[in-house]
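Me: I have a two-chain model open and want to talk it through. Can we start with the sheets and then go to the interface?

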Amino acid sequence: MTPTDPGPLLSVRGLAKHFSVPSRGGRLAPASVVKAVDDVSFDLAPGETLGLVGESGSGKTTAARCILRALVPTAGEVHYRLPDGRTVDLAVLSDRALKPIRQHVQMVFQDPFSSLNPRMTVGAIVGEPLVIHGLARGSELDDRVAEILRRVGLQPEHARRYPHAFSGGQRQRIGIARALVMRPALVVCDEATSALDVSVQAQVLDLLKELQGEFRLTYLFVAHNLDVVRNFCDRVAVMRRGRIVELAPAPQIFAAPQHPYTRILLSAVPSPDPDVPMNFQVAEELARLDAAAAAVAAAAAVES
Amino acid sequence: MEPTADLPLLEVEDLRTTFTTDDGVVNAVDGVSFSLARGRTLALVGESGSGKSATAYSLLRLIQPPGRITGGRILLHSARAGTIDLTQLSDHSDLLYKVRGGMISMIFQEPMTALSPVHSVGSQIAEAILLHQHATRAEARQRTVDMLARVGLSQPEQRYDQYPHELSGGMRQRVIIAMALVCRPELLIADEPTTALDVTIQAQILGLIRTLQREIGCAVLLITHDFGVVAQVADDVAVMHHGRIVERGPVRTVLKAPQHAYTRALLDALPSRRARVA
């Protein structure tokens with residue numbers, strides 16, 4: 001760390017989100033608790049891209065939502081450094097205290113079809129955050145909307161049209177414009193390219209990379225597709241059952257995965273190279289991994 | 001009935017399927033030709049709107065108005081029923097009903113929409129047996145339970161009476177596969193069978209389809225957008241773009257030495273092949 005290093009932009013410590021699920025045993029039976037996120041910690045440096053990967057139910061989206069305070073975490077701290085250098089804990093702030101901070105932290109959603117209001121023009125969609133936060137109006141609002149549309153590869157004239165007139169890739173650009181019009185520091189991308197065709201996905205990833213340099217953005221990139229993360233992220237955190245099982249620089253995760261779960265997960269990805277065979281036996285390997293972990297836990301219980 | 005053993009199972013010649021909309025006529029399938037040998041796996045790969053699913057739906061005559069097949073032939077050289085041109089069958093012919101689910105079956109991307117929510121999964125599989133094979137209800141139930149075990153569901157007797165909402169996505173897709181293969185079809189059409197699934201579940205489902213394909217000896221037409229899936233499970237591949245096949249050949253040849261510019265562009269767009277973005 002150099003003396004001028006201001007430290008991480010985001011520092012997550014012991015984050016947990018538990019949901020209580022009604023038991024099937026009737027009204028009087030005790031509810032069971034699902035630990036969707038269970039003791040997650042990581043740092044995010046300014047300008048960095050961290051991939052949060054895992055399968056459905058691994059807790060990656062719940063963790064991202066807790067960080068954005070779309071959900072209230074059960075435990076843990078989410079330290080966010082403001083532009084003036086102050087650090088706030090997003091996990092405990094009141095809704096009112098959160099509002100001004102929301103302009104610094106924005107989100108890009110997965111589904112470009114359901115995340116845009118079909119009754120609003122593109123201009124109204126993209127400009128809405130500025131209106132809500134009272135940051136611009138009138139011709140200044142129009143100018144900022146036109147400017148950001150241009151930056152994401154759309155035309156200022158597109159502001160007058162409605163979302164249905166746009167393709168999936170263009171809609172995702174609209175979603176990105178809406179997030180970036182606030183000039184945020186941190187952008188959480190939740191499966192931002194998962195619904196897109198591969199050629200469109202490549203264009204959107206290139207755009208996100210370009211905008212990152214231009215606006216000095218920090219990305220938390222939530223994805224289930226390991227291939228997408230491979231070349232886009234600086235570091236990757238692999239999640240399973242609410243926990244991070246491995247966190248390492250992206251090249252290391254893919255070239256020399258340390259955790260057996262990461263190895264199994266990677267081996268299940270079908271390679272487009274016919275000479276790199278995929279692993280069809282993942283079910284057996286995951287079962288062995290869990291059996292070994294259970295044996296270790298049982299032995300530890302006996303020790304104590 | 002002419003012997004069909006020396007012929008490929010399926011020959012599609014200059015197939016054309018169009019959709020007439022307010023904005024004009026869309027040639028979803030625009031002169032597609034290919035053949036598929038018995039027991040082989042052909043992947044139709046392309047992006048959304050390329051016509052790969054419209055081709056698959058045309059084969060089973062599932063295209064609904066405003067769409068219709070406007071030209072070409074779909075020759076099924078069935079070992080059981082001889083040569084049938086599927087484009088010539090009327091919508092309600094007995095032969096078409098025998099083809100669907102009997103000689104050709106299909107599995108869909110989203111297992112929840114392909115299963116009835118109000119019938120037990122076992123009864124839905126047994127229904128296919130009762131429709132296509134001579135069996136009593138008791139025999140159909142037994143064959144269904146056997147098939148549920150073959151697709152890897154534990155406690156198949158109990159599973160028979162469960163409803164789709166009680167099963168996970170991966171288990172539902174196993175039920176769909178059981179339903180598709182229980183009548184031992186000659187051709188299985190799999191339309192994005194693993195796209196909605198996690199990667200570890202996808203590996204299990206692809207492995208299962210492969211194992212059962214070998215057991216039954218059926219050919220597979222795999223509709224997918226994923227070149228990884230193509231490389232790992234198909235023998236041959238046809239790349240579709242704007243309703244046409246732009247390149248076709250053995251998987252290794254097409255993926256390692258693509259000839260067509262569109263194939264090259266698609267392969268270059270794959271995240272794993274792209275250089276690290278600085």
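This is a predicted model: local features need pLDDT of at least 70, side-chain atom pairs count only at pLDDT 80 or more; totals for chains, interfaces and linings use all residues.

Me: Fine. What is the strand order of the open sheet in chain B?
Reply: The order is 6-7-8-3-9-10 in chain B. That open sheet has six strands, with mixed pairing.

Me: Which strands are at the edges there?
Reply: Strand 6 (104-107) and strand 10 (244-250) of chain B. Each pairs on one side only.

Me: Strand 3 and strand 9 of chain B: parallel or antiparallel?
Reply: Parallel. Four bridges join strand 3 (residues 41-45) of chain B to strand 9 (residues 236-241) of chain B. Within strand 9 of chain B, B:Val237 stands opposite B:Ala43.

Me: Over to chain A. What is the strand order in its open sheet?
Reply: Six strands in the order 6-7-8-3-9-10 in chain A, and the pairing is mixed. The edge strands are strand 6 (105-108) and strand 10 of chain A.

Me: Which strands does helix 5 of chain A touch?
Reply: Strand 6 and strand 7 (186-190) of chain A. Helix 5 (residues 168-180) of chain A packs on the sheet, and its direction makes about 175° with that of strand 6 of chain A.

Me: And helix 9 of chain A, where does that pack?
Reply: On the sheet, touching strand 9 and strand 10 of chain A. The direction of helix 9 (residues 260-267) of chain A makes about 95° with that of strand 9 of chain A.

Me: In what sense do strand 9 and strand 10 of chain A pair?
Reply: Antiparallel, over six bridges. A:Val238 stands opposite A:Glu246, and A:Val236 has A:Ala248 as its bridge partner.

Me: How many residues are between the strands in that hairpin?
Reply: Two. A:Arg241 in this hairpin takes a positive phi near 50°.

Me: Interface now. How many residues of chain B are in contact with chain A?
Reply: 28 residues of chain B, with 28 residues of chain A.

Me: Which chain B helix gives the largest share of that side?
Reply: Helix 8 of chain B, with six residues. Helix 8 (199-216), helix 9 (227-233), helix 10 (251-256) and helix 11 (261-269) of chain B each supply at least two.

Me: How many of the chain B residues there are nonpolar?
Reply: 14 are nonpolar, eight polar and six charged on the side of chain B that touches chain A.

Technical notes: Residues are numbered from 1 along each chain as its sequence is written. Chains are lettered from A and ligands numbered from 1 in the order in which they are written. Two residues are in contact if their C-beta atoms, placed from the backbone, lie within 7 Å. Ala, Val, Leu, Ile, Met, Phe, Trp, Tyr, Cys and Pro count as nonpolar, Asp, Glu, Lys and Arg as charged, and the others, Gly among them, as polar. Two strands pair if DSSP finds at least two bridges between them. Axes are lines fitted to C-alpha atoms, for helices over the stretch in contact, and angles run from 0 to 180 degrees between N-to-C directions.
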